[in-house]
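Have the viewer open as you read.

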Amino acid sequence: MSRIIEETKKSKRTVLTEIESKQLLKEIGIKTTEIELAASENEAITISQKMGFPVVLKIASPDISHKSDAGGVKVGLKTKEDVSKAYKDIMTSVKQKCPGAKIEGVSVQNMAKPGTEVIIGMTKDPQFGPVLMFGLGGVWVEVLKDVSFRIVPLTRRDAQEMIKEIKGYKLLEGFRGSEPANIGMLEEMLLKISDYMEKTPEIKEMDINPIFAYKDGAVAVDARVVLENDA
Ligand code: ADP
Ligand code: MG
């Protein structure tokens with residue numbers, strides 16, 4: 001079993017933090033943004049300078065899953081002053097919106113270049129077991145519910161079909177000058193997750209939202225993994 005899953009269980013938690021979730025994705029072979037925990041404002045500055053600007057700061061708390069809602073995400077930070085201010089703003093907002101949440105600090109991440117936003121999710125159906133979901137990010141999933149589903153294990157054909165059958169597929173092909181996404185790489189991602197879910201019954205849910213898809217690859221920008229209670 002993955003060390004991250006073991007350690008989360010040991011600490012009697014079921015929800016992995018973004019940092020832990022991204023470590024797990026790396027183990028599965030999925031590219032993520034660089035990410036490092038900073039426990040203080042000074043540490044956030046040091047890590048940002050080492051990582052290289054622009055960076056993103058996000059609240060790191062096992063109790064906060066919807067980080068933007070808590071005012072816990074600041075993107076496009078270009079200087080050390082930006083990082084200082086973002087750190088303070090995040091802490092002020094989070095303490096107000098989520099009083100009592102355990103705060104580990106912030107995660108410092110490189111700022112991913114814009115791409116076509118997609119999401120991949122995994123939930124468990126009482127009858128069919130693990131099911132994967134694929135869709136475009138933003139309004140496509142929130143308003144239009146434009147997503148596709150397949151039961152694990154996925155064949156390559158399943159992965160191809162579930163990408164092609166969403167209504168927004170045209171955007172992935174490159175629409176009105178937008179960069180096309182590398183569909184083959186998205187298929188690989190789905191297949192890697194399917195394989196991993198088959199051999200990891202401890203995982204109850206997975207939500208990678210968003211993934212930025214590019215012509216030459218894709219990167220997971222946010223991730224959340226939930227373990228089974230009795231895992
Ligand atoms: P939430 O917990 O609210 O879902 P996210 O981590 O998804 O927080 O961040 C919110 C949004 O900020 C993302 O949808 C994405 O557009 C942007 N974002 C977050 N992290 C990065 C990053 N490392 N690089 C570029 N954009 C990012
Ligand atoms: Mg998100």
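Predicted model: local features only at pLDDT ≥ 70, side-chain atom pairs only at ≥ 80, totals over all residues.

## Ground rules

Helices (H or I, at least four residues) and strands (E, at least two) are DSSP runs, numbered from the N terminus. Residues are numbered from 1 along each chain as its sequence is written, chains are lettered from A and ligands numbered from 1 in the order in which they are written, and side-chain values use heavy atoms, leaving out hydrogens and water.

## Salt bridges

Take a salt bridge to be a side-chain nitrogen of Lys or Arg within 4 Å of a carboxyl oxygen of Asp or Glu. By that rule, searching the whole structure turns up 18 salt bridges. One of them pairs E18 with K22, at 2.8 Å from N to O. The two sit four residues apart in helix α2 (residues 18–28), which means about one helical turn separates them. Both E18 and K22 are buried, where buried means under 20% relative accessible area, exposed over 50%, and partly exposed in between (1.4 Å probe, protein chains only).

E20 has a salt bridge too, with R13, and the closest N and O atoms are 2.8 Å apart. E20 is buried at 17% relative accessible area, while R13 is partly exposed at 23%.

Elsewhere, salt bridges with shared partners link E18, K22, K58, K67 and D222 into one network.

## Where the domains meet

The protein chain is assigned domain 1 (3–31 + 113–227) and domain 2 (35–110); the bounds come from an automatic or database domain assignment. Their C-alpha centres are 24 Å apart. Counting contact as heavy atoms within 4.5 Å, domain 1 puts in 10 residues and domain 2 puts in 10 residues.

How much area is buried between domain 1 and domain 2? About 770 Å², with 55% of it from carbon and sulfur atoms; buried area here is the accessible area (1.4 Å probe) that two parts lose on being put together, summed over both. On the domain 1 side, T17, E18 and I19 supply 52% of the area buried against domain 2, more than any other three residues.

Three salt bridges are counted between domain 1 and domain 2. The side chains of K67 and D222 also meet in a salt bridge, at 2.8 Å, N to O. On the side of domain 1 that touches domain 2, the largest share, four residues, comes from α2.

## Two helices and what covers them

Is α2 mostly covered or mostly uncovered? It is mostly covered, with eight of its 11 residues buried. After α2 comes G29, with a positive phi near 100°.

In helix α3 (residues 41–51), the buried residues are A44, I45, I47, S48 and M51. They pack against β1 (35–38), β2 (55–60), α4 (80–97) and β4 (105–110). α3 is followed by G52, again with a positive phi near 100°.

Most residues other than glycine have a negative phi, and most peptide bonds are trans. A cis peptide bond joins V152 and P153, with omega about 5°; P153 is in the loop between β7 (147–151) and α6 (156–164). Another cis bond joins N209 and P210, with omega about 5°, and P210 lies in strand β8.

Which residues other than glycine have a positive phi? K12 is one, with phi near 60°, in the loop between α1 (3–10) and α2. R176 is another, with phi about 45°, in the loop between α7 (169–173) and α8 (183–199). K12 is exposed at 76% relative accessible area, and R176 is exposed at 77%.
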